[in-house]
Amino acid sequence: MRPAVLFPVGLALAGLASCGPPAAPEAALPDEEFTPVYKGIETRLLDDDLVEFLVEMEGARGIPDVEDYARCAAAQYTLIRGYGFARHLRTNVAERGGIWRGDAIYTISAALPRGVQTIDAEVTVRDCREQGIPTI
C-alpha cells in the first residue's frame with residue numbers, strides 16, 4: 001500500500017487566490033496617478049424637473065470618474081434651482097482619443113424622490129469639493 005500524500009490546504013488556497021481574473025478595463029488606477037482635466041459641463045433643461053448634463057474630461061481612470069463628474073454637476077444644479085434632491089436616471093459614457101464624454105439625465109426635486117439612485121444635493125456638492133471634482 002502506498003502512503004497518502006498530503007498537500008497543505010493553506011498553500012493550495014493561496015495558490016488559487018492568485019489565479020483570479022484580470023482587473024476590468026474600467027478599474028481605477030492608484031490615486032497618485034489620477035490627474036484629471038475637467039473640460040466642461042453643459043446643462044440642458046428637458047422639462048421642469050428633468051435635466052441633462054453633458055460633461056467632458058481627460059485623464060479619467062474609467063467610467064466611474066465620468067459618472068462622478070456628472071453627479072457633481074447634477075448636485076450643484078439642483079441647489080441652484082432651489083431644490084435639495086436629485087435622482088439619477090441614466091448616464092452614457094464614451095471615450096475617444098483620450099477625451100471622455102458623459103451624457104447623464106437626472107430628475108430634481110424639493111423632496112427625496114422614490115428610487116435607489118437618489119442624491120442629497122448639499123451632501124454631494126460637499127463631497128465633490130473634497131474630492132476636487134468641479135461642479136457647475
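**Notebook: strand pairing and the disulfide**

I looked up R96 and found that R96 stands opposite I99 in β4. The model I am reading is a predicted one.

Next I checked the pairing around that position. Strand β3 covers residues 85-96 and strand β4 covers residues 99-109; the two run antiparallel and are joined by 11 bridges. I then read the turn of this hairpin, where 2 residues lie between the strands and G97 takes a positive phi near 60°.

I asked which other pairing β3 makes with β5. The entry for β3 and strand β5 (residues 118-120) lists 3 bridges, and these strands also run antiparallel. I noted the partner of A86 in β5, and I119 is that bridge partner.

I turned to the cysteines. How many disulfides does a search of the whole structure find? I got 1 disulfide from that search. The disulfide joins C72 to C128, with an S to S distance of 1.9 Å. I placed both ends: C72 sits in helix α2 (residues 63-80) and C128 in helix α3 (residues 121-131). The two cysteines are 56 residues apart, so I logged the pair as a link between distant parts of the chain.

I checked the handedness of the disulfide. The torsion about the S-S bond of C72 and C128 is about -90°, and therefore the disulfide is left-handed.

Are the two cysteines buried or exposed? I recorded C72 as buried because its relative accessible area is 0%, under the 20% cut-off. C128 also counts as buried, at 0% relative accessibility.

Notes: Residues are numbered from 1 along each chain as its sequence is written. This is a predicted model: local features need pLDDT of at least 70, side-chain atom pairs count only at pLDDT 80 or more; totals for chains, interfaces and linings use all residues. Side-chain values use heavy atoms; hydrogens and water are left out. A disulfide is a pair of cysteine sulfur atoms within 2.5 Å. Helices (H or I, at least four residues) and strands (E, at least two) are DSSP runs, numbered from the N terminus. Buried means under 20% relative accessible area, exposed over 50%, partly exposed in between (1.4 Å probe, protein chains only). Two strands pair if DSSP finds at least two bridges between them.
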